[in-house]
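Hi everyone, thanks for coming along. I'd like to walk you through a structure today, so please have a look at the screen while I talk.

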Amino acid sequence: MSDEVIIRELVGLDQTMTIFPLYSQVSRLSEAVVCQRLSAMLAQSNRCIAAYIDERMVGASGFWTGTQLWCGKYIEADNVVVDSAVRSQGIGGKMMAWIEAEAERTECAVIRIAMVLGRERTHQFYARNGYFDDGLLMVKALSRGAAEFPEYASQQV
């Protein structure tokens, strides 16, 4: 078995859905909901990569390109997930390096990451990879999202 990590872009819904078993390690969403969301994301030109050792998927991340007034063109990584059996072996860093190279290739000015507060290991990972805190993402769950995000609904005053 090789230890070489290969990063590949997943194309189309069938390929992208292959992330479901890995994503299930960090989410309780059903396969149908993941399929529905990935389908909508792909329709918006969002993209997905996966990391493999041999032919075993060991990591995945979505990402998209956008433009905002404050920074111009950017890439935002979405839900970087590494298989729990191989965490802390540099796989997340390799996926972020791939996304960074894609951001450079497509002439983006910055890469953005949104992460949940309280995930100290995740915060440390991004800091080690050159990211720094530059803002605060504020969230409000609407009626449709209250069941999935009760922590946001309970914060309302």
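Let me start with a question: which residue in E4 is the bridge partner of Gly66? It is Tyr74. Before going on, a word on what you see: this is a predicted model, where local features need pLDDT of at least 70, side-chain atom pairs count only at pLDDT 80 or more, and totals for chains, interfaces and linings use all residues. Residues are numbered from 1 along each chain as its sequence is written, and side-chain values use heavy atoms, with hydrogens and water left out.

Now the strands. The names come from DSSP runs, numbered from the N terminus: helices (H or I) have at least four residues and strands (E) at least two. Two strands pair if DSSP finds at least two bridges between them. E3 and E4 run antiparallel, joined by nine bridges, and they form a hairpin with three residues between them. E4 also pairs with E5, in the parallel sense, over four bridges. There, Ala77 stands opposite Ile113 in E5.

Next, the inside. A nonpolar core is a set of buried Ala, Val, Leu, Ile, Met, Phe, Trp, Tyr and Cys residues joined through side-chain atoms within 4.5 Å. Buried means under 20% relative accessible area, exposed over 50%, and partly exposed in between, with a 1.4 Å probe and protein chains only. The largest nonpolar core has 21 residues, and Ala51, Ile91, Met96 and Ile99 touch the most other members. Strands E1 (5-10), E2 (47-53), E3 (56-68) and E4 (72-82) each give two or more residues to this core, as do helix H4 (91-105) and H5. H4 provides the largest share, five residues.

Take Ile99: leaving out residues up to four places away in sequence, its contacts (heavy atoms within 4.5 Å) include Ile49, Phe63 and Ile111.

Finally, the outside. Is Leu117 buried or exposed? Leu117 has a relative accessible area of 74%, so it counts as exposed. You'll find Leu117 in the loop between strand E5 (110-113) and helix H5 (120-128). Ala85, in the loop between E4 and H4, is exposed too, because its relative accessibility is 58%. Ala85 and Phe125 are 40 residues apart in sequence and 17 Å apart in space, C-alpha to C-alpha.
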